Amino acid sequence: MAQNPICCKWPGLDNFKGKVIHSKYVQDPACDDFKGKRVLVIGSGESASDLVDEVSKVTKKCYVSVRTPTLVFLRNTFGVPADYAETRSMHCQPSWLRYIYFKISLVNWWPWHFLYQRVYAKGDQQKLPKVTWIWKLLFGTFFRQLWRGKFTRCSQLLVTKADGLLYSLDEGRAELRDNVESFTDNMVKYCNGKQDEIDIILLVTGFKEHFPFLPDHQNNCNWDRWMSLFHPEFENVAFVGFCRGQVGSLIIAYEMQCRWIALIVSEKRPSPWACKRTLKKKIAYDFLHNNGKFTNTGSFFYANYLARYHVKCEPNMTKIFLRHPKVWWYIMVHTLSGFQYRIRGPHAKPEFAYKALAHNRPIKVWGYYFIDVALILAAFLFQVYSRIPVIGWIFEPVNNTYYSW
């Protein structure tokens, strides 16, 4: 997977007299190769954020070129990781309401985080970077792209869960730059007309998805596989791990994939290759209706879909509410936990799961719980509305928890 780095081409890059390095070949960001040099880092993902944070400590100048509008999360949001914002209370909403809530919360969490730290921060807790860097990376880049005739949809935003880039910019160790237009022997020119002298170009542009046993034309698209797992032309082969969401626990999503595969192998679930024609139709349908909305939205979204329709281990929240109200509350407002998928279904261990969930208490700012209560009440109203004869059937797509499945 990490053997084929993506090396973009720009006009004049071949004439550049300095070094051009891909992040694949960087072993030590603080090595002598970067000390006292003027370095241009191209990229704004997690790897780029971490490299900028390290490289900028030893360079003479460090510039960061950002092309895609990027939303950067802090590793600590309201005292907990950002994944805590993805809960079952949010995902039991209709897809359109959840999508609006999720996108609005992504943009507006920063002022509340700033207020939280001003009120609750103690001791030598690290201070927050200025909020202007959030807007420059997200909205500044978005409007520059829009001015040039390119509209970036929400599903195309880059969400980065590493905050090294923010602190490097805020502390003055790195400088933010526009998208690269061209290079000369020792200069870089940006799309806004600015230029900088540089010694090293550090490409943090990712890797091509590549499997040696697949034909070249089938190597670069996750949507060639049903549910990102099964390829119609490779029977008894499953691609585990290609379901990374913007937020959420990846491990639970991987677990759901593996549990589904185990059930298929043990013949407790039908084989996806039983009818390859049907499998290809499913892949085509998913690409048409769900591309960019499913696995890229959130890991909970993907994992719970597998738990509901394939592994059949999604917890029955009504029964849990009647038997263990406290556990029901923890499941609804807490971050995604694998214990809830062991209450029922294959290899269930309800006694152990209830005990673990009862001790796995939420750690949130109290204001979060008001949002959780409002979401739970809204979900209940949508459920009631969907059961009204005729009307509920007509508006079923509006009330659908998942997009187009």
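Colleague: Which residues is T160 in contact with, leaving aside its neighbours within four places in sequence?

Modeller: Contact means heavy atoms within 4.5 Å, and by that rule T160 touches S44, G45, E46, S49, T70, L71, V72 and F73, once its neighbours within four places in sequence are left aside. This is a predicted model, in which local features need pLDDT of at least 70, side-chain atom pairs count only at pLDDT 80 or more, and totals for chains, interfaces and linings use all residues. Residues are numbered from 1 along each chain as its sequence is written, and side-chain values use heavy atoms, with hydrogens and water left out.

Colleague: Is T160 buried or exposed?

Modeller: Buried means under 20% relative accessible area, exposed over 50%, and partly exposed in between (1.4 Å probe, protein chains only); T160 counts as buried because its relative accessibility is 1%.

Colleague: How far apart are T160 and E46 in sequence and in space?

Modeller: T160 and E46 are 114 residues apart in sequence, yet 5.5 Å apart in space, C-alpha to C-alpha.

Colleague: Which residues touch the most other members of the largest nonpolar core?

Modeller: In soluble globular proteins, nonpolar side chains tend to be buried together. A nonpolar core is a set of buried Ala, Val, Leu, Ile, Met, Phe, Trp, Tyr and Cys residues joined through side-chain atoms within 4.5 Å; here the largest has 26 residues, of which F34, V39, V41, V52, L137, L166 and L202 touch the most other members. A second, separate core of 25 residues includes I261, L263, I264 and L336.
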